[in-house]
Amino acid sequence: MTRRHGYALLASIVALIVALSTAIYVSVAAGTGTADRTSLSGSGPVRPSAAPASAGVWVGTWSAAPVGAEPGTGAEGMTGRSVRNVVHTSVGGTSARITLSNLYGRTALTVTHASLALAAGPGTPAAQTGTTRRLTFAGNTTVVVAAGAQVLSDAVALAVPAGADVLVTTYSPTLSGPVTYHPTARQTSYAGPGDLTANETGAGYTEQVDHWRYLTALDVLSGEADGTVVAFGDSLTDGKNSTADANARWPDFLNRRLRSALATGRDLPRYSVVNEGIGGNRVLADARGRAGENQAGIRRFRRDVLDRPNVKVVVVDLGINDILRTPGTVDPQQLLTGLRDLVRQAHARGIKVVGATLMPVGRRTTWTEAREDVRQTVNAEIRSGRVYDAVIDFDRALRDPYDPRRLRAMYDSGDRLHPNDKGYERMADVFDLEYLKGSTAARL
């Protein structure tokens, strides 16, 4: 072979390698826009979505943080029963996928059938005719989720509207307790004996519950949203004392405000809004209760925020339980250090952080002057701009103008801590939607 022929052969090989590399890059770039999550059930990685090709990106349309083990399910779990969770979407999409969690299970959870459908209407376990889709996991209808693990389903093609109730049903025939759940859902879900995953009529669902079981996320491939906003907090974000089945938590109101603003042509980011609030949650320590449950904010932040798809903004409203539930008084500087750690974690992923001041809690049995001093110290630092990228002043918006240590009566649900529906709406109303723009780093 001559030297000239050798050079020509080498050039051909290089050109082939470049072409193959380009094809691989284009294939990856056309994917979900977020790293594939893997099954921790021991069955290997979850394969990429099997949904038909479609314009859009994966965003969260609903979520709920796993909180603990459901009381009374320690032995059998939901053996031989179908669980039909009802969840409400923030944005629509052309395909959908779910995340199931066995975080607080002590044995493997075997799900032999799972399905997704649009609800026939509010307050019913019945599905719209023709919308039921069988879910698979890495191509299989059966999935085994190890204790302490979670799994992401394959995608299914289904036109999911914004503001719709979606039914996600699972069936497990084997002992799998206890059940990982999210209490205080403010949403009615259902259960019934036998495999009812394909049931469209809702007949057989004899049990109603006010919490979500196993299900922690619903994502959609969306052409109407480019990213996800995560509301990260405690019971104030979770919507405690809001009207059940009315989607009256403050993140619900925020999502509706944003969608209305976009509909008028306002120049704002097209984001979905999902809720990762947990009642009793603290920044620095796990909440009181069974060991390992209701994990501290700094421990669960990666799972509940950073690992969600295409997160652009996180809204943090956390810290009041550190003040009220820590024996004695919590060190305000330690609390602020914890909040800044959340900001650091978010900035490492390019996520903007909007933070809230801590609302008044005066006249509750756990309120003291010393704890009020801590709240004021933390709020002063938050307002200074040295903690978050942007600040929502929930304290100023909802406090009594004549007694600033207390909630204003018109916003109080009656327990002097949690707002009523009007109060939650007020929280969303004082959120400056312009804060969703940009990614200015906090001055730490």
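Me: What span should the 15 residues of H7 have, and how far apart are its end C-alpha atoms?

Reply: Work at 1.5 Å a residue, counting one less than the number of residues. In this predicted model, the 15 residues of H7 should therefore span 21 Å. The end C-alpha atoms are 21 Å apart, which agrees.

Me: Which residues of H7 are buried?

Reply: Start with the general idea. An α-helix has 3.6 residues a turn, so residues three or four places apart point the same way. Now the case here. The buried residues of H7 are Arg371, Glu372, Val374, Arg375, Val378, Asn379, Glu381 and Ile382.

Me: What covers the buried residues of H7?

Reply: Both helices and strands take part. The cover includes helices H5 (320-325), H6 (332-348) and H8 (394-398). It also includes strands S20 (352-356), S21 (390-392) and S23 (403-407).

Me: Take Asn379. Is Asn379 buried or exposed?

Reply: Buried means under 20% relative accessible area. Asn379 has a value of 0%, so it is buried. Its place is in H7, which runs over residues 369-383.

Me: Which residues is Asn379 in contact with, leaving aside neighbours within four places in sequence?

Reply: Asn379 is in contact with Thr357, Leu358 and Asp395.

Me: What follows H7?

Reply: Gly385 follows H7. The phi of Gly385 is positive, near 85 degrees.

Me: Now the sheet. In what order do the 6 strands stand?

Reply: The general idea: in a regular strand the side chains alternate between the two faces of the sheet. Here the order is S7-S6-S11-S3-S13-S14. The sheet is open, and the pairing is antiparallel.

Me: Which strands stand at the edges?

Reply: S7 and S14 (207-209) do. Each has a single partner strand, so one side of each is left without a neighbour in the sheet.

Me: Which strands does S6 pair with?

Reply: S6 pairs with S11 (residues 165-172) over 6 bridges, in the antiparallel sense. S6 also pairs with S7 (residues 133-134), again antiparallel, over 2 bridges. Follow Leu116 to see both pairings. Leu116 stands opposite Val168 in S11. In S7, the bridge partner of Leu116 is Arg133.

Me: How many bridges join S3 and S13?

Reply: S3 (residues 81-88) and S13 (residues 189-193) pair over 4 bridges, in the antiparallel sense. Val83 stands opposite Ala191 in S13.

Methods: Residues are numbered from 1 along each chain as its sequence is written. This is a predicted model: local features need pLDDT of at least 70, side-chain atom pairs count only at pLDDT 80 or more; totals for chains, interfaces and linings use all residues. Side-chain values use heavy atoms; hydrogens and water are left out. Buried means under 20% relative accessible area, exposed over 50%, partly exposed in between (1.4 Å probe, protein chains only). Contact means heavy atoms within 4.5 Å. Two strands pair if DSSP finds at least two bridges between them.
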